[in-house]
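Here is a short report on one protein model. Keep the sequence and the 3D view open while you read.

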Amino acid sequence: MELTESQVAIRDLYRNYMTNELEPRTPAFESCEESVFPFMKKMIKDLGLDMAADAILKKGRGGEKSEKSEGLDDETAALMRYAETQLIIEISRINPGFQQSFGVSVGLCGGNIVIRGTQEQKEKYAVPLLRGEKVGCWCLTEPGAGSDAFGSMKTSVKRDGDFYVMNGSKTFITNGPDGEIFLVYARNEEDASIQAFIVEREFEGLSTGKPFKKMGMRCSPTSEVFFDNVRIPVSNILGGGNKDRNHVRKSLSRERMGISIMGYAIADRCFEIARDYAKEREQGGQPIANYQLIQERLARMYIDVSNARRIVYGSSASAEGLSALDASAAKLFLAEVGTRVATQAIHILAGYGYMEEYKVERLMRDAMLLELGGGTTEIQILTIARHILAE
Ligand SMILES: Cc1cc2nc3c(=O)[nH]c(=O)nc-3n(C[C@H](O)[C@H](O)[C@H](O)COP(=O)(O)OP(=O)(O)OC[C@H]3O[C@@H](n4cnc5c(N)ncnc54)[C@H](O)[C@@H]3O)c2cc1C
């Protein structure tokens, strides 16, 4: 892909930042010696990523009409989409776990409030999330409601005057242990509809479990979240109570696209590491890259990476974004590309690939989540089949 001068400048800015700032901190993040959240705030400030927060406040003061790309000329809007995609790529090439926490706090929690919230909710909750001043969580999954998150949802709310009273629990919640603002999906006992509520850490009755010990994404804390008669002001229903389920589907599609980009980024980095290693590592008096069996692995890795790249940049170039069908198709393919290429990289580095120092073992463990979160492989297959058979 031929990049414009502006695109090269954006890519280099993000790549240099992640190499110089995120990479050296990664061992401390992975061992949980250091929390990722102070760095997240610093990164947002250093890279000027809080423009959407400023636009919300400006609008509140009667300024510009929109928070994001609305009202921008096509070229600027396209460059902003490129920048968003490239940021996810550059973070995920270095540390997908950090992207997991950042994507959930700023994208899924903050972003959903920006898209669906009232002006008051945006100012009170989205602004600190987008600035990295508060940590956000997105709470859909429950112990008994994973793939069937909506059908089996038990967390419920009951109206009591100017409040809703929430009971239930969520699990596998990214950023749960550190969460300060929780976007929680719950069933309304009155009419069984599902609505999203903004819940603050300080609301009495909300508690979180200990961080789970996980296979990968270790710098991104994950826990259960419990609601024991939590009283939530009626004004904290996301968007003021619109019962449109479509926004949840749209936000799932956005999540799937984010995961797809992460899959590509992991594959891209693992391919580079493996190719460079194969050219340097000698066995039998010559670089292992001379052996055709190694060349086949590298060629197949490249095929995955180059096809993945076209999907990622093709969809980021489109103003409409992907349909639900194509978001599922991209998510399934690119998540598998991530694990496949990372596994191939370990084969090429062999014993060294199994060692922490060479990074591919961590990238492979992190990649595995992409096939499970945001809907498992089976759920993507079912979604794809449902759409193609309805056509
Ligand atoms: C590290 C991590 C972070 C996460 N972060 C969040 C978060 O921030 N917020 C959040 O809400 N959730 C989060 N999740 C939850 C994640 O989205 C779920 O784990 C995922 O949706 C799958 O649910 P489950 O684990 O309960 O699996 P289950 O639904 O129990 O699935 C078990 C198996 O059965 C299969 N299966 C289920 N139903 C069907 C069917 N109808 N047909 C065929 N096969 C089926 C599945 O594909 C899978 O293979 C996170 C998970 C992890 C591991």
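## The core

A nonpolar core is a set of buried Ala, Val, Leu, Ile, Met, Phe, Trp, Tyr and Cys residues joined through C-beta atoms within 7 Å. Buried has a cut-off too: 20 or more other C-beta atoms lie within 10 Å of the residue's own, with C-beta atoms placed from the backbone. The largest nonpolar core here has 95 residues, and Cys 139, Leu 183, Phe 197, Cys 270 and Ala 342 touch the most other members. Helix 7 (residues 246–280) gives the most to this core: 13 residues. Helices (H or I, at least four residues) and strands (E, at least two) are DSSP runs, numbered from the N terminus.

Look at Leu 183. Leaving out residues up to four places away in sequence, its contacts include Cys 109, Trp 138, Cys 139 and Leu 238. A contact means that two C-beta atoms, placed from the backbone, lie within 7 Å.

## About the model

This is a predicted model: local features need pLDDT of at least 70, side-chain atom pairs count only at pLDDT 80 or more, and totals for chains, interfaces and linings use all residues. Residues are numbered from 1 along each chain as its sequence is written.

## Overall build

The protein has 11 helices and 9 strands. Buried residues make up 42% of its 391 residues. Along its principal axes the C-alpha trace spans about 80 × 50 × 45 Å.

Helix 10 (residues 360–370) has 8 of its 11 residues buried, so the rest of the structure largely encloses it. Among the buried ones are Arg 362 and Asp 366.

## Domains 1 and 2

The domain assignment gives domain 1 (5–135), domain 2 (138–240) and domain 3 (246–390). Such bounds come from an automatic or database domain assignment. The C-alpha centres of domain 1 and domain 2 lie 23 Å apart. Where they meet, 25 residues of domain 1 contact 16 residues of domain 2. Helix 1 (5–30), helix 5 (96–116) and helix 6 (119–130) each supply at least two residues of domain 1's side. Helix 5 has the largest share of that side, 12 residues.

## Around the ligand

Which residues are closest to the ligand? They are Gly 146, Ser 147, Thr 174, Thr 376 and Glu 378, out of 21 that surround it. The cut-off for being near is a C-beta atom, placed from the backbone, within 6 Å. Strand 1 (136–139), strand 3 (163–174) and helix 11 (377–390) each give two or more residues to this shell. Domain 2 and domain 3 each provide at least three.

Methods: A residue is buried if 20 or more other C-beta atoms lie within 10 Å of its own, exposed if 12 or fewer, and partly exposed in between; C-beta atoms are placed from the backbone.
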